[in-house]
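Colleague: Please take me through this model feature by feature, giving the general idea before the particular case.

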Amino acid sequence: MAITSTPALFISILLSLVIISSAQSCSKYTFPGNQAFNSCIDLPFLQANLHWNYMPSTRTVHIAYRANQTSTGWIAWAINPNGAGMVGSQALVAFHNSNGSLTAYPTPITSYTTSMRPGALSFHVSNISATYADNQMSIFAVLGPLQNGTAVNHVWQAGNSVINDIPSSHATTGPNIQSMGTLNFLSG
């Protein structure tokens with residue numbers, strides 16, 4: 001029995017290898033500046049990862065959320081302390097603003113038509129920053145003390161554009177509406 005190869009099959013295999021290699025596992029990733037995180041998870045949607053160090057004595061968590069993104073897009077990661085899904089989430093967002101510098105700030109998500117403007121969250125956020133390199137955007141922050149324990153509902157998101165230094169709406173189909181889950185900072 002002869003094995004034949006078609007150009008379409010070859011292209012399909014090649015594209016699969018590119019997708020696999022571009023979704024680098026969180027456990028093998030090294031952050032610039034030797035930042036180290038004890039725990040991480042490869043998130044199932046939007047080619048994203050979450051890294052963290054949980055400090056039980058202070059009930060705080062140092063996070064690094066990173067996702068594939070173009071320089072004109074935005075990323076966000078959030079904890080929803082009161083339920084699942086987007087509304088009620090306490091988010092961290094990052095993007096390049098109109099002067100070209102990278103911006104990161106907290107924003108509460110109060111409705112499906114939220115403004116995504118900077119605002120206070122229901123928990124303390126410190127040391128928020130962002131980086132962009134090799135088509136990956138990352139948000140760093142220290143959250144807490146967390147009042148509801150170590151198990152959280154979280155959501156993550158990405159959008160394609162920023163207008164007047166405010167992230168535009170993300171897609172409302174496919175991976176963008178599936179990007180949520182639960183997480184326990186003690187067990188991963």
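**Reading cysteines, core and contacts**

Modeller: At 27% relative accessibility, cysteine 40 counts as partly exposed, where buried means under 20% relative accessible area, exposed over 50% and partly exposed in between, with a 1.4 Å probe and protein chains only. This is a predicted model, in which local features need pLDDT of at least 70, side-chain atom pairs count only at pLDDT 80 or more, and totals for chains, interfaces and linings use all residues. Residues are numbered from 1 along each chain as its sequence is written, and side-chain values use heavy atoms, leaving out hydrogens and water.

Colleague: Which residue forms a disulfide with cysteine 40, and how far apart are their sulfur atoms?

Modeller: A disulfide is a pair of cysteine sulfur atoms within 2.5 Å, and by this rule the count comes to one. The partner of cysteine 40 is cysteine 26, with the two sulfur atoms 2.2 Å apart. Cysteine 26 is itself buried, at a relative accessible area of 6%. The torsion about their S-S bond is about 70°, so the disulfide is right-handed.

Colleague: Which parts does the pair tie together?

Modeller: Cysteine 26 lies in the loop between helix H1 (7–22) and strand S1 (39–42), whereas cysteine 40 is in strand S1, so the bond joins parts that are 14 residues apart in sequence. Helices (H or I, at least four residues) and strands (E, at least two) are DSSP runs, numbered from the N terminus.

Colleague: How many residues are in the largest nonpolar core, and which of them touch the most other members?

Modeller: In soluble globular proteins, nonpolar side chains tend to be buried together. Such a core is a set of buried Ala, Val, Leu, Ile, Met, Phe, Trp, Tyr and Cys residues joined through side-chain atoms within 4.5 Å. The largest one here has 27 residues, and Ile63, Tyr65, Trp77, Leu92, Leu143 and Phe185 touch the most other members. At least two residues of this core come from each of several strands, including S3 (60–68), S4 (74–80) and S8 (136–143). Apart from it lies another core, of 11 residues, among them Phe95, Tyr105, Met116 and Ile166.

Colleague: What does leucine 143 touch?

Modeller: Contact means heavy atoms within 4.5 Å. Not counting residues up to four places away in sequence, the partners of leucine 143 include Arg59, Ile63, Trp77, Leu92, Phe123 and His124.

Colleague: Is serine 138 buried or exposed?

Modeller: Serine 138, found in strand S8, is buried, with a relative accessible area of 3%. Leaving aside residues up to four places away in sequence, serine 138 touches Phe31, Tyr65, Arg66, Ile75, Ser129, Ala130 and Thr131.
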